[in-house]
Amino acid sequence: MKILLAPMAALAETGGPSSRIRLLAEGFREVGIEVATCAAEDVNFREIEGVRNYFLDVPMPMGLPKVIATRTFPVAQKLGITSRKTVTSFDQVLRFTGNLEYKYLRKSVESLRQAVKEFRPDAVYSEFNISAMIAARKEGLPLFATVSYPTQHSFANDPSLAKGLNRLLRELELPEVESALQLFDWADRAFCPSIRELEPMDREDVCYVGALKTLDKTPADGESNRGAVGMAPADDKSNRGAPQKKKRNKVLVYMGNGTVSAKQTMQVVSRVFCGTGYEVYIASSYLPEGTTLNVHVAPRWDFDTLLDEAVLFINHGGQNSIMDGLIHGVPQIMVPGKVFERQYNAKSVMENKAGVSLSYRNFNEENLSVIAEKVARSKSSRQNAAALGKKLTAGGGVKTVVSEVIGYIS
């Protein structure tokens, strides 16, 4: 059996699709399924050892010429200029990243169809890659796709952006759509890497698999955080002489391609935490790598290791970040900015009392200092985060996806 995996491509930093594809590739290979990818070698691309990758063009933001986009876009991202636009539907994300441009769609669908002809897979798996959905439909192959609550057509859509897409669909003699989000309905089986408590979709064809990422151990229960809450870790004398659990004294920060710029993130976080008893780790490819006192900056960190010792996770509300925090039982402060999907994710976590959503307008030293101390000291937030984490890990993750795919194809 063979399967072709295709993540959404983007010039912007958006690691979710590519990281989930890597997890899926490992899961399929573990049961003997031959895997290939058709992934653009963009800023999020990471080669998977032993897996062939077929060529896919990198879409240019807003369909700009490559020479302009590649020179100006990284600078605009670093300054936060690209994140000031309000995004109200996933159609707009596809438009902004260039994935809805007619010329790109035509090239990318052709590249995927060529990959299908060469690799001859039994099925295609789309990780938010609409070109893969079109290619699978045209080639008559079973299509599997990742879905989420806020990217549903019924949640929010923008039909005005479907002109180029429908032009291509007509050329390929495929049915037109009201918006690009209806392409997700073409999937023979859809997988939601979450749980109903967080993303309650009313669709019979959706399989909830929990977090794709698995842990060697269950999330902390909150009690293990004793002695490591507040803006300076406390010295709990009552525990002296007793076996010590792993001390949580780390604060993790990942704002990705969010409304709050990397520069502002660095300034505010440093002012709040610099010189405290916490070790702070900021992940950003838009900041100079280095360490100032207890604040460490690098393009990426091993969050699985650091979250085991974290008392707080500050992030932009992206799904991968939310999932990572919860499966490690870490309460979160989310700054979703102007992006609808992140706003939904942050609201969902907050309604489940496992974190706090903070408006980008209020992301400053005074507000973050107060909220961080409140969340870090909240025993109930830690317990709620851990409870959600246990449900996420109980979903089976990649193993459930693999089992369902094999069952469908066989």
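## Where helix meets helix, and helix meets sheet

In this predicted model, Y102, L105, R106 and V109 of helix α4 meet G164, L165, R167, L168 and E171 of helix α6. Sorted by type, the residues of this contact are 5 nonpolar, 1 polar and 3 charged. Let's look at how these two helices cross, and then at the sheet that α4 packs on.

**The helix pair**

- Two packed helices are described by the angle between their axes and the distance between the axes.
- For α4 and α6 (residues 163-171), the angle is about 40° and the axes lie 8 Å apart.
- An angle of about 40° therefore makes α4 oblique to α6.
- The crossing of α4 and α6 is right-handed.

**The sheet**

- The open sheet has 7 strands with parallel pairing, and they follow the order β3-β2-β1-β4-β5-β6-β7.
- Its edge strands, each pairing on one side only, are β3 (52-54) and β7 (206-208).
- On average, neighbouring strands of this sheet are turned by 25° against each other, direction ignored.
- Strands β2 (residues 34-38) and β3 run parallel and are joined by 3 bridges.
- Which residue in β3 is the bridge partner of A36? It is R52.

**Helices on the sheet**

- Helix α4 (residues 102-119) packs on the sheet and touches β1 (2-7), β2, β3 and β4 (123-127).
- The direction of α4 makes about 160° with that of β1.
- Helix α13 (residues 397-409) lies across β1, β4, β5 (143-146), β6 (189-192) and β7.
- Relative to β6, helix α13 runs at about 175°.

Note on methods
Residues numbered from 1 in each chain as written. Predicted model: local features only at pLDDT ≥ 70, side-chain atom pairs only at ≥ 80, totals over all residues. Heavy atoms only, no water. Pairing = 2+ DSSP bridges. Helix = DSSP H or I, 4+ residues; strand = E, 2+ residues; numbered from the N terminus. Axes fitted to C-alpha atoms, helices over the stretch in contact; angles between N-to-C directions. Contact = heavy atoms within 4.5 Å. Parallel < 35°, antiparallel > 145°, perpendicular 65-115°, else oblique. Left-handed = near helix turned anticlockwise from the far one by under 90°. Nonpolar A, V, L, I, M, F, W, Y, C, P; charged D, E, K, R; others polar.
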